[in-house]
Amino acid sequence: SFFRFPPFVSFCPLGMASGNTNLWVGSLPPTFTDADLNSLFGTYGTVVSVKLLPGGGAGLVNFSSPEEAQQAIGALNGHTLDGSPRPLLVKEANSRRGSAADGT
């Protein structure tokens, strides 16, 4: 075929490749820690920061580049972790939710 993509590249719908380095992650196991989140996402690039959100089951991951963030979305969205009954939801974080995510 004319176009060949590496296995980690996935189709990004219009508007997804926005240059965002911040990801929102949902459906995390209740026992997941910041270290677990860092370890899981660190496989796909340089993680600048991670934060589990109050109430559990969700967190934020910040990568050093938009390409790394997109690679993580493609690899982990829909992936089921041990200890979680549902597949992960991984998407670009909505910057308008930043203040709510920080608890303010």
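Colleague: In β3, which residue is the bridge partner of serine 49?

Modeller: This is a predicted model, in which local features need pLDDT of at least 70 and side-chain atom pairs count only at pLDDT 80 or more, while totals for chains, interfaces and linings use all residues. Residues are numbered from 1 along each chain as its sequence is written, and side-chain values use heavy atoms, with hydrogens and water left out. Strands are DSSP runs of E with at least two residues, helices are runs of H or I with at least four, and both are numbered from the N terminus; two strands pair if DSSP finds at least two bridges between them. Strand β2 (residues 47-52) runs antiparallel to β3 and is joined to β3 by five bridges, and the β3 partner of serine 49 is asparagine 62.

Colleague: Which residue takes a positive phi in the hairpin of β2 and β3?

Modeller: The hairpin has five residues between its strands. The positive phi there, near 100 degrees, belongs to glycine 55.

Colleague: Which residue with a positive phi follows α2?

Modeller: The buried residues of α2 include Ala69 and Ile73. After this helix comes a residue with phi near 90 degrees, glycine 78.

Terms used:
Buried < 20%, exposed > 50% of the residue type's maximum accessible area, 1.4 Å probe, protein only.
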